[in-house]
Amino acid sequence: MKAKLGLVYAGGRGLRMGGVDKGAMLLGDRPLHEWVIERLAPMCEVLAVVAPARPDWLGADGAIAYVPDDTIGGEPIGPAGALLAGLKHLRQLDEAGWMITAAVDAPFFPRDLADQLYAGRGEALAAIARSDDGLQPTFGLWNAACFTPISEAIAPKRMYALHKLVGQVDGASVDVAGPPHQFLNINTPDDMARARSVLREFGRR
């Protein structure tokens, strides 16, 4: 399936990497954001990046939109604010559309992620990935109809965890097939070393 919107979560502060913008870190000869965008682009019609502030690496040509995180009273609410902002942007594009999400620091997610989540969701309006390592809530498929129940859960209930928010719309968790490293998330120097090892062993597939 082809989602209307592909959303890259890029709001992490990278504290365990020395406070760097993880999207700009090099893996091989390319920054992480290029790895992620290259994989996500075929799954969607429109791309956007969501973060508290516009990343320096995001081009100014408008090919990829910048969407600022939602907040409550001006206070950041982490991934929940990114999800809510993405759903709001999706509704502006297509009130019945779908959004596929990915994290900017996870360069090896499967190229058929949207297809697997869509096929495995049943009739649910949202689905998040699950692997041998557990739930991968930043990798999800969300329908625009999720906006209202998600916003109602976030504001009064202070529910900020993505894996709990998917439950607010009776969403599904879907086992995603692929190699063990497919959801490798680069949070530390050791994670980056592992990613470089994966790249040497498996190449760019």
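## Helix 3 and the sheet

Q: Which strands do the buried residues of helix 3 pack against?
A: The model is a predicted one, and contact here is taken as heavy atoms within 4.5 Å. By that criterion, the buried residues of helix 3 have as their packing partners strand 8 (98–103), strand 9 (126–131), strand 10 (134–143) and strand 11 (172–175).

Q: Which residues of helix 3 are buried, and what arc do they cover around the axis?
A: In helix 3, which comprises residues 113–120, the buried positions are Leu-113, Ala-114, Gln-116 and Leu-117. These residues lie on the same side of helix 3, because the arc they cover around the axis is only 165°.

Q: At what angle does helix 3 run to strand 10?
A: Helix 3 lies across strand 8, strand 9, strand 10 and strand 11. Relative to strand 10, the helix runs at about 80°.

Q: Which strands stand at the edges of the open sheet?
A: The sheet is built from seven strands with mixed pairing, in the order 5-4-1-8-10-9-11. An edge strand has a single partner strand, so one side of it is left without a neighbour in the sheet, and this applies to strand 5 (65–68) and strand 11.

Q: In what sense do strand 9 and strand 11 pair, and which residue of strand 11 does Ala-129 stand opposite?
A: Four bridges link strand 9 and strand 11, and the sense of their pairing is parallel. Within strand 11, the residue opposite Ala-129 is Val-174.

Q: What angle does the direction of helix 1 make with that of strand 1?
A: Helix 1 (residues 32–40) packs on the sheet, where it touches strand 1 (3–9), strand 4 (44–51) and strand 8. The direction of helix 1 makes an angle with that of strand 1 of about 165°.

Q: How far apart are the end C-alpha atoms of helix 2, and what span should its residues give?
A: Helix 2 (residues 79–93) has 15 residues, which at 1.5 Å a residue should span 21 Å. The distance between its end C-alpha atoms agrees with that expectation, at 21 Å.

Q: How many disulfides does the structure hold, and why?
A: A disulfide requires a pair of cysteine sulfur atoms within 2.5 Å. For Cys-44 the nearest cysteine sulfur, that of Cys-146, is 17 Å away, and Cys-146 is likewise in no disulfide. Cys-44 counts as buried at 4% relative accessibility, as does Cys-146 at 1%. The number of disulfides in the structure is zero.

Key:
Residues numbered from 1 in each chain as written. Predicted model: local features only at pLDDT ≥ 70, side-chain atom pairs only at ≥ 80, totals over all residues. Heavy atoms only, no water. Buried < 20%, exposed > 50% of the residue type's maximum accessible area, 1.4 Å probe, protein only. Helix = DSSP H or I, 4+ residues; strand = E, 2+ residues; numbered from the N terminus. Arc of directions from axis to C-beta. Expected span 1.5 Å × (residues − 1). Pairing = 2+ DSSP bridges. Axes fitted to C-alpha atoms, helices over the stretch in contact; angles between N-to-C directions.
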